[in-house]
Amino acid sequence: MDDHDITLEQRVERVRADRGRALLAMQAVASVTGVPAAAMQSRRRVNDEVRRARALAWYLSHTEYGWPLGRVGAAFDRYRTTVARACHEVEDMRDDPALDGLLERVGRGLAEITGLAFVIPAEACHGTGAG
(Lines give C-alpha, C1' and ligand atoms only; values in the text may rest on other atoms or scores of the structure.)
Protein backbone atom coordinates (compact mmCIF):
# COMPACT_ATOMS: atom_id res chain seq x y z
CA MET A 1 0.00 0.00 0.00
CA ASP A 2 1.45 3.32 -1.08
CA ASP A 3 1.24 6.44 1.07
CA HIS A 4 -1.21 8.03 -1.38
CA ASP A 5 -3.61 5.09 -0.88
CA ILE A 6 -4.08 5.58 2.87
CA THR A 7 -5.86 8.16 4.97
CA LEU A 8 -4.13 10.76 7.09
CA GLU A 9 -5.22 8.89 10.20
CA GLN A 10 -3.61 5.69 8.89
CA ARG A 11 -0.39 7.57 8.10
CA VAL A 12 -0.27 9.05 11.59
CA GLU A 13 -0.78 5.60 13.10
CA ARG A 14 1.95 4.12 10.91
CA VAL A 15 4.40 6.86 11.90
CA ARG A 16 3.55 6.31 15.55
CA ALA A 17 4.13 2.55 15.18
CA ASP A 18 7.35 3.13 13.21
CA ARG A 19 8.71 5.43 15.90
CA GLY A 20 8.01 2.74 18.48
CA ARG A 21 9.90 0.17 16.40
CA ALA A 22 12.72 2.68 15.88
CA LEU A 23 12.99 3.08 19.65
CA LEU A 24 13.05 -0.71 20.01
CA ALA A 25 15.94 -0.89 17.53
CA MET A 26 17.83 1.81 19.46
CA GLN A 27 17.22 -0.01 22.75
CA ALA A 28 18.45 -3.27 21.24
CA VAL A 29 21.60 -1.57 19.97
CA ALA A 30 22.03 0.17 23.33
CA SER A 31 21.90 -3.20 25.09
CA VAL A 32 24.85 -4.54 23.10
CA THR A 33 26.93 -1.37 22.69
CA GLY A 34 26.36 0.45 25.98
CA VAL A 35 25.45 3.63 24.10
CA PRO A 36 22.20 5.01 25.55
CA ALA A 37 19.25 5.27 23.17
CA ALA A 38 18.84 8.88 24.29
CA ALA A 39 22.32 9.65 22.96
CA MET A 40 21.41 8.04 19.61
CA GLN A 41 18.36 10.34 19.39
CA SER A 42 20.36 13.50 19.98
CA ARG A 43 20.20 16.15 17.26
CA ARG A 44 23.53 17.56 18.45
CA ARG A 45 26.91 16.60 17.08
CA VAL A 46 27.86 13.25 18.62
CA ASN A 47 31.07 11.28 19.01
CA ASP A 48 31.99 8.35 16.74
CA GLU A 49 30.73 5.73 19.21
CA VAL A 50 27.25 7.26 19.28
CA ARG A 51 27.24 7.85 15.54
CA ARG A 52 28.10 4.18 14.90
CA ALA A 53 25.46 2.93 17.34
CA ARG A 54 22.83 5.14 15.71
CA ALA A 55 23.87 3.84 12.28
CA LEU A 56 23.45 0.26 13.53
CA ALA A 57 19.90 1.04 14.66
CA TRP A 58 19.10 2.59 11.27
CA TYR A 59 20.63 -0.36 9.43
CA LEU A 60 18.72 -2.89 11.51
CA SER A 61 15.48 -1.01 10.95
CA HIS A 62 16.11 -1.13 7.22
CA THR A 63 17.12 -4.78 7.05
CA GLU A 64 14.96 -6.37 9.73
CA TYR A 65 11.78 -4.35 9.33
CA GLY A 66 12.12 -4.18 5.56
CA TRP A 67 11.69 -0.43 5.56
CA PRO A 68 12.83 1.66 2.58
CA LEU A 69 15.49 4.18 3.56
CA GLY A 70 13.02 7.05 3.41
CA ARG A 71 10.81 5.32 5.95
CA VAL A 72 13.81 4.71 8.23
CA GLY A 73 14.64 8.39 7.94
CA ALA A 74 11.08 9.40 8.80
CA ALA A 75 10.97 7.07 11.82
CA PHE A 76 14.24 8.47 13.15
CA ASP A 77 13.59 12.05 12.01
CA ARG A 78 16.57 12.08 9.65
CA TYR A 79 17.05 12.62 5.92
CA ARG A 80 16.96 9.56 3.69
CA THR A 81 20.38 10.43 2.29
CA THR A 82 21.88 10.56 5.79
CA VAL A 83 20.41 7.15 6.56
CA ALA A 84 21.63 5.75 3.22
CA ARG A 85 25.19 6.91 3.88
CA ALA A 86 25.18 5.38 7.37
CA CYS A 87 23.65 2.16 6.08
CA HIS A 88 26.39 1.87 3.47
CA GLU A 89 29.04 2.35 6.19
CA VAL A 90 27.49 -0.40 8.32
CA GLU A 91 27.39 -2.73 5.33
CA ASP A 92 31.10 -2.10 4.84
CA MET A 93 31.75 -2.78 8.54
CA ARG A 94 30.08 -6.20 8.26
CA ASP A 95 33.42 -7.52 6.98
CA ASP A 96 34.28 -7.79 10.69
CA PRO A 97 32.98 -11.24 11.76
CA ALA A 98 32.28 -10.05 15.31
CA LEU A 99 30.11 -7.16 14.11
CA ASP A 100 28.43 -9.34 11.51
CA GLY A 101 27.50 -11.89 14.19
CA LEU A 102 26.27 -9.15 16.50
CA LEU A 103 24.02 -7.70 13.79
CA GLU A 104 22.68 -11.17 12.99
CA ARG A 105 21.78 -11.84 16.64
CA VAL A 106 20.25 -8.43 17.31
CA GLY A 107 18.42 -8.54 13.98
CA ARG A 108 16.91 -11.95 14.74
CA GLY A 109 15.77 -10.66 18.11
CA LEU A 110 14.09 -7.61 16.58
CA ALA A 111 12.40 -9.73 13.93
CA GLU A 112 11.10 -12.16 16.54
CA ILE A 113 9.85 -9.43 18.86
CA THR A 114 8.07 -7.46 16.16
CA GLY A 115 7.00 -10.33 13.95
CA LEU A 116 8.37 -8.36 11.00
CA ALA A 117 10.99 -10.80 9.78
CA PHE A 118 11.95 -9.62 6.30
CA VAL A 119 14.94 -10.36 4.13
CA ILE A 120 16.29 -7.93 1.54
CA PRO A 121 19.42 -8.19 -0.55
CA ALA A 122 22.46 -6.46 0.93
CA GLU A 123 22.94 -4.35 -2.20
CA ALA A 124 19.54 -2.73 -1.56
CA CYS A 125 21.09 -1.05 1.48
CA HIS A 126 23.23 1.25 -0.64
CA GLY A 127 20.37 3.67 -1.07
CA THR A 128 20.43 4.32 -4.77
CA GLY A 129 16.63 4.24 -4.98
CA ALA A 130 14.14 6.85 -3.87
CA GLY A 131 13.07 4.68 -0.84
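What percentage of the 131 residues of the chain count as buried?

Analyst: Of the 131 residues, 37% count as buried (under 20% relative accessible area with a 1.4 Å probe on protein chains only; over 50% is exposed, and in between is partly exposed). Keep in mind that this is a predicted model, where local features need pLDDT of at least 70 and side-chain atom pairs need 80 or more, while totals for chains, interfaces and linings use all residues. Residues are numbered from 1 along each chain as its sequence is written, and side-chain values use heavy atoms, without hydrogens or water.

Let's begin with the overall layout. The chain contains 6 helices and 0 strands (DSSP runs, H or I of at least four residues for helices, E of at least two for strands, numbered from the N terminus). In sequence order this reads α-α-α-α-α-α. Among contacts (heavy atoms within 4.5 Å) between residues at least 6 apart in sequence, 65% join residues at least 24 apart.

The largest nonpolar core has 33 residues (buried Ala, Val, Leu, Ile, Met, Phe, Trp, Tyr and Cys joined through side-chain atoms within 4.5 Å). The members that touch the most others are Val29, Met40, Ala57, Phe76, Leu103 and Leu110. Each of α1, α2, α3, α4, α5 and α6 (97-114) supplies at least two residues of this core, and α3 gives the largest share, with 9 residues.

Let's see what α3 packs against. Helix α1 (residues 8-33) and helix α3 (residues 48-65) pack at an angle of about 130°, and their axes are 9 Å apart (axes are lines fitted to C-alpha atoms, for helices over the stretch in contact, and angles run from 0 to 180 degrees between N-to-C directions). On the α1 side, the contact includes Met26 and Val29. Among the α3 residues they face as a group are Ala53, Leu56 and Ala57.

Several of these names come back at Met40. Leaving out residues up to four places away in sequence, Met40 touches Met26, Val29, Ala30, Val35, Val50, Ala53, Arg54, Ala57 and Arg78. Another residue to look at is Ala37, found in helix α2 (residues 37-41). Ala37 counts as buried because its relative accessibility is 7%. Beyond neighbours within four places in sequence, Ala37 is in contact with Leu23, Met26, Gln27 and Ala30. The C-alpha atoms of Ala37 and Ala53 are 8.8 Å apart in space, although these residues are 16 apart in sequence.

Arg78 lies in the loop between α4 and α5. With a relative accessible area of 16%, Arg78 is buried. Not counting residues up to four places away in sequence, Arg78 touches Met40, Gln41, Ser42, Arg43, Arg54, Trp58, Gly73 and Val83. Trp58 is 20 residues from Arg78 along the chain, and their C-alpha atoms are separated by 10.0 Å.

Finally, look at the helices on either side of that loop. Helix α4 (residues 69-76) and helix α5 (residues 80-93) pack at an angle of about 110°, with axes 8 Å apart. Leu69, Gly70, Val72 and Gly73 of α4 make this contact with Arg80, Val83, Ala84 and Cys87 of α5. Two of these residues, Gly73 and Val83, are also touched by Arg78.
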